[in-house]
Every structure is written in structure tokens, then in C-alpha cells.
Amino acid sequence: MNIKNEFGMTQLLACCPNCNGSALYCGKIPTAIKEMANKEVLFCKQCKFIVPVEEFKNILASC
């Protein structure tokens with residue numbers, strides 16, 4: 001799956017917070033999940049970690 005072309009996602013220089021892999025992307029993906037519909041998400045192609053960007057910012061701010 002080429003998520004850069006299919007979904008317009010941008011590969012980040014950061015590592016995945018879940019698996020520490022370097023396949024972390026940011027962008028919008030089509031989904032039926034209400035919490036993620038029309039929102040930017042972080043997506044790891046390696047371990048399939050996915051989280052809305054705003055939720056991840058809140059997690060980082062609470063540390």
C-alpha cells in the first residue's frame with residue numbers, strides 16, 4: 001500500500017511511539033471511526049499504530 005500517493009500522507013522524521021520504527025506518517029485517512037473521521041492522524045506503517053494528532057498532543061502535554 002502506497003499511503004503517500006493513495007492518502008496524501010507525509011512521512012515524518014520522528015519514530016513511532018509504539019514500536020520505535022521509522023515508518024511514521026501524518027495525514028487524513030478515510031475511516032468509519034467517528035473519533036478519527038476528517039482528522040489528521042499519526043499512522044505507523046510498520047506496527048499499524050494510529051492516533052489522532054490532537055489526542056497525541058494532549059498525551060504529550062500531560063507528561
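Start by selecting E54 and K57: their side chains meet in a salt bridge, 3.5 Å from N to O. The term here means a side-chain nitrogen of Lys or Arg within 4 Å of a carboxyl oxygen of Asp or Glu. The structure holds 1 salt bridge, so named by that cut-off.

Before moving on, a word on the model. It is predicted, so local features need pLDDT of at least 70 and side-chain atom pairs count only at pLDDT 80 or more, while totals for chains, interfaces and linings use all residues. Residues are numbered from 1 along each chain as its sequence is written, and side-chain values use heavy atoms, with hydrogens and water left out.

Now show helix 2, residues 53-61: E54 and K57 both sit in it, 3 residues apart, about one turn of the helix. Helices (H or I, at least four residues) and strands (E, at least two) are DSSP runs, numbered from the N terminus. Buried is under 20% relative accessible area, exposed over 50%, partly exposed in between (1.4 Å probe, protein chains only).

Next, pick strand 3, residues 40-44. Here 4 of the 5 residues are buried, so the strand is largely enclosed by the rest of the structure. Two strands pair if DSSP finds at least two bridges between them.

Last, bring in strand 4 (residues 50-52), antiparallel to strand 3 with 3 bridges. F43 stands opposite I50 there. Strands 3 and 4 form a hairpin with 5 residues between them, and K48 in the turn has a positive phi of about 65 degrees.
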